[in-house]
Amino acid sequence: MTTPNLARRAWYLLGGRLPARYRDWVLVDAARPSWLAWFGVRTLLRMVPLTTLITLGLLLGMDAPVGLALACGGLGLVVGVYFMLSYAIESTEYRMTRYGHPHGSAAQARRARTADRDRLREERYSAAWRR
């Protein structure tokens with residue numbers, strides 16, 4: 001597995017596409033335990049410049065009161081992050097298909113990573129509650 005350097009990882013976090021030789025690393029990235037946190041970071045890095053631009057546009061271009069402009073920018077950020085996180089699984093799976101992996105491969109890799117832990121939890125649950 002080829003790991004991208006720091007500059008390519010930063011580009012990837014900002015929404016950029018990596019060359020095909022990193023496709024295996026992209027799948028590992030989408031299946032690691034902190035995948036949702038990194039998806040959130042990716043979302044914030046995309047949303048903050050847009051909401052900042054909207055806030056400055058309201059302040060400077062439309063002469064809006066500071067409180068209103070900050071409230072609109074903040075609400076836009078909250079709503080944008082909410083919708084992006086609502087579709088995190090679908091967005092991640094779409095990203096996997098762009099790198100040549102079949103749809104569902106990230107979810108399958110996450111399930112495989114936690115299979116033993118989930119099996120043990122199910123056994124403990126069954127032993128405690130299904131007598």
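Reply: The axes of H3 and H4 come within 8 Å and cross at roughly 155°. Axes here are lines fitted to C-alpha atoms, for helices over the stretch in contact, and angles run from 0 to 180 degrees between N-to-C directions. H3 and H4 are therefore roughly antiparallel to each other (under 35 degrees counts as roughly parallel, over 145 as roughly antiparallel, 65 to 115 as roughly perpendicular and the rest as oblique). Their crossing is right-handed, the near helix being turned clockwise from the far one by less than a right angle.

This is a predicted model, in which local features need pLDDT of at least 70 and side-chain atom pairs count only at pLDDT 80 or more, while totals for chains, interfaces and linings use all residues. Residues are numbered from 1 along each chain as its sequence is written, and side-chain values use heavy atoms, with hydrogens and water left out. Helices (H or I, at least four residues) are DSSP runs numbered from the N terminus.

On the H3 side, the residues in contact (heavy atoms within 4.5 Å) include Leu36, Phe39, Gly40, Leu44, Met47 and Leu58. Among their partners in H4 are Val66, Leu70, Gly73, Leu77, Gly80 and Met84. By class, the contact of H3 with H4 has 15 nonpolar, seven polar and one charged residues (Ala, Val, Leu, Ile, Met, Phe, Trp, Tyr, Cys and Pro count as nonpolar, Asp, Glu, Lys and Arg as charged, and the others, Gly among them, as polar).

Both helices also receive H5, residues 88-98, whose buried residues pack against H1, H2, H3, H4 and H6. Those buried residues (under 20% relative accessible area, 1.4 Å probe, protein chains only) are Ala88, Thr92, Glu93, Arg95 and Met96. Seen down the axis of H5, they fall within an arc of 155°, so they line one face of the helix; the arc is that of the directions from the helix axis to the C-beta atoms. After H5 comes Gly100, with a positive phi near 90°.

Arg95 is also a contact of Asp29, which lies in H2. Asp29 counts as buried, at 5% relative accessibility. Leaving out residues up to four places away in sequence, Asp29 touches Tyr12, Trp35 and Arg42 as well as Arg95.

H2 and H6 have axes that come within 8 Å and cross at roughly 60°, which makes H2 oblique to H6. Leu27, Ala30 and Ala31 of H2 make this contact with Ser105, Ala106, Ala109, Arg110 and Arg113 of H6.

Conventions
Buried means under 20% relative accessible area, exposed over 50%, partly exposed in between (1.4 Å probe, protein chains only). Helices (H or I, at least four residues) and strands (E, at least two) are DSSP runs, numbered from the N terminus.
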